[in-house]
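Subject: Structure handover and findings

Hello,

Here is the structure for your files.

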Amino acid sequence: MMMPQRKSSRGIGLLELAIIIGILGILLSLGLGIFKVLVKNQKVAETREVLSSLRESIIGYVLTRLKLPCDDAETCPSPQKRYNELSKAIDAWGKHVFYVYWGQLRDTTNICSETSTGITLRLCGPDPACSSPVQVVSDVAFVVFSSGENRNKQTRGMGRTDTSLTVDVYEYGTQADDDPAFDGDASQEGYDDLVEFVTLYQIKEKLCQGTASCVHGTSPINVYNESGATRCFNTVVVSEGTAYPVNPGDSITVRNSFFGFCFGGAIGSFTYADAAAVDADNDCEVNYTGGSTLADR
Ligand SMILES: [Ca+2]
Ligand SMILES: [Ca+2]
Ligand SMILES: [Ca+2]
């Protein structure tokens, strides 16, 4: 039996072929574009992860050593460590991440007794002149940052800083380069640095119990009478175990108390500065233990 002959198809015309190739081309380029964006996002995320781990490692270091680590490009007396020994300090594009810190916070024996830094960070939005910053953060302890995909360091500062420094952070794509000398190129690249920072306040909040609101020189210091008897601080009767707030500039003369009255000559004295000097844990609380003696509480 003869099979009916199939009608042969006409095939694809030249025009259709051109259209199909065109569509494929568009799809392919879209796909490549999406692929590039995905890779880039993944690298940005990876770098953010590197920076936040590094930031946490530095905070961890401060919690045990009571001071900041060294930069990698300076003399670092043992047993101090460098920031890049604490955690990975290479970004997703293979470049070293930068560390900028306030020098005194490395020299100090106890970061809790530090009250300010000279590093200010400004979030500038899309304005390369930063004429009206979105946010200004003062007393920054340290900054870690990556020069981003363009590998151009566009953020100011590197390593130890002992003179006041303003670090400006711009919105992605802003035509800003605050360190043209470093790369020798101030070309009109969009800002793409990735920046993390920590303030002295944030460190003290974690490390120095209850000290966030205690600033020596500004906050009153509670002096607890732990001398074993009711005393008079100037003319105020302070019973055993209770606190008397001493304000900046105050000088206290301590006298004995008798039935709720202050009497007799001075048995000791101290000033606000004396109280601040012994308040090693920086919580604005010290003990008066007799005579002219104060001790940390
Ligand atoms: Ca950059
Ligand atoms: Ca640069
Ligand atoms: Ca104290």
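This is a predicted model: local features need pLDDT of at least 70, side-chain atom pairs count only at pLDDT 80 or more; totals for chains, interfaces and linings use all residues.

Residues are numbered from 1 along each chain as its sequence is written, and chains are lettered from A and ligands numbered from 1 in the order in which they are written.

Domains

The chain is divided into domain 1 (67-207) and domain 2 (221-296); such bounds come from an automatic or database domain assignment. The centres of the two domains, taken over C-alpha atoms, are separated by 43 Å.

Sheet with β1

Helices (H or I, at least four residues) and strands (E, at least two) are DSSP runs, numbered from the N terminus. Two strands count as paired if DSSP finds at least two bridges between them. One open sheet has four strands in the order β5-β1-β4-β7, and its pairing is mixed. Its edges are β5 (159-161) and β7, each with a single partner strand, so one side of each has no neighbour in the sheet. On average, neighbouring strands here are turned by 15° against each other, direction ignored. For angles, axes are lines fitted to C-alpha atoms, for helices over the stretch in contact, and values run from 0 to 180 degrees between N-to-C directions. β1 and β5 run parallel and are joined by three bridges. W102 has T161 in β5 as its bridge partner.

Helices on this sheet

Both α1 and α4 lie across β4 and β7: α1 runs at about 20° to β7, and α4 at about 55° to β7. In α4 (residues 200-207), the buried residues are L200, I203 and K204. They lie on the same side of α4 because they cover an arc of only 95° around the axis; the arc is that of the directions from the helix axis to the C-beta atoms. Buried means that 20 or more other C-beta atoms lie within 10 Å of the residue's own, exposed means 12 or fewer, and partly exposed is in between, with C-beta atoms placed from the backbone. The cover over these α4 residues includes α1 (14-65), β4 (140-146) and β7 (194-199).

Nonpolar cores

A nonpolar core is a set of buried Ala, Val, Leu, Ile, Met, Phe, Trp, Tyr and Cys residues joined through C-beta atoms within 7 Å. The largest has 37 residues, of which V97, Y101, A141, F142, V143 and V144 touch the most other members. Two or more residues come from each of α1, β1 (98-102), β2 (119-123), β4, β6 (165-169), β7 and α4. The most come from β4, which gives six. V143, leaving aside its neighbours within four places in sequence, is in contact (C-beta atoms, placed from the backbone, within 7 Å) with V100, L121, G157, V167, V195 and F197. Another core, of 17 residues, lies apart from the largest one and has I221, F270, A276 and Y288 among its members.

Sheet with β14

Another open sheet has four strands in the order β11-β8-β14-β15, again with mixed pairing. β11 (243-246) and β15 (293-296) are at the edges, each with a single partner strand, so one side of each is left without a neighbour in the sheet. Neighbouring strands of this sheet are turned by 35° against each other on average, direction ignored. β14 (residues 285-290) and β15 run antiparallel and are joined by four bridges. Y288 has L294 in β15 as its bridge partner.

Backbone and loop details

- S78 and P79 are joined by a cis peptide bond, with omega about 5°; P79 is in the loop between α1 and β1.
- R151, although not a glycine, has a positive phi of about 55°. R151 lies in the loop between β4 and β5 and counts as partly exposed, with 14 C-beta neighbours inside 10 Å.
- N234, also not a glycine, has a positive phi of about 55°. N234 lies in the loop between β9 (231-233) and β10 (236-238) and is partly exposed, with 15 other C-beta atoms within 10 Å.
- S213 lies in the loop between α4 and β8 (221-225) and is exposed, with 11 other C-beta atoms within 10 Å. S213 and V238 are 25 residues apart in sequence and 24 Å apart in space, C-alpha to C-alpha.

Regards

Note on methods. Two residues are in contact if their C-beta atoms, placed from the backbone, lie within 7 Å.
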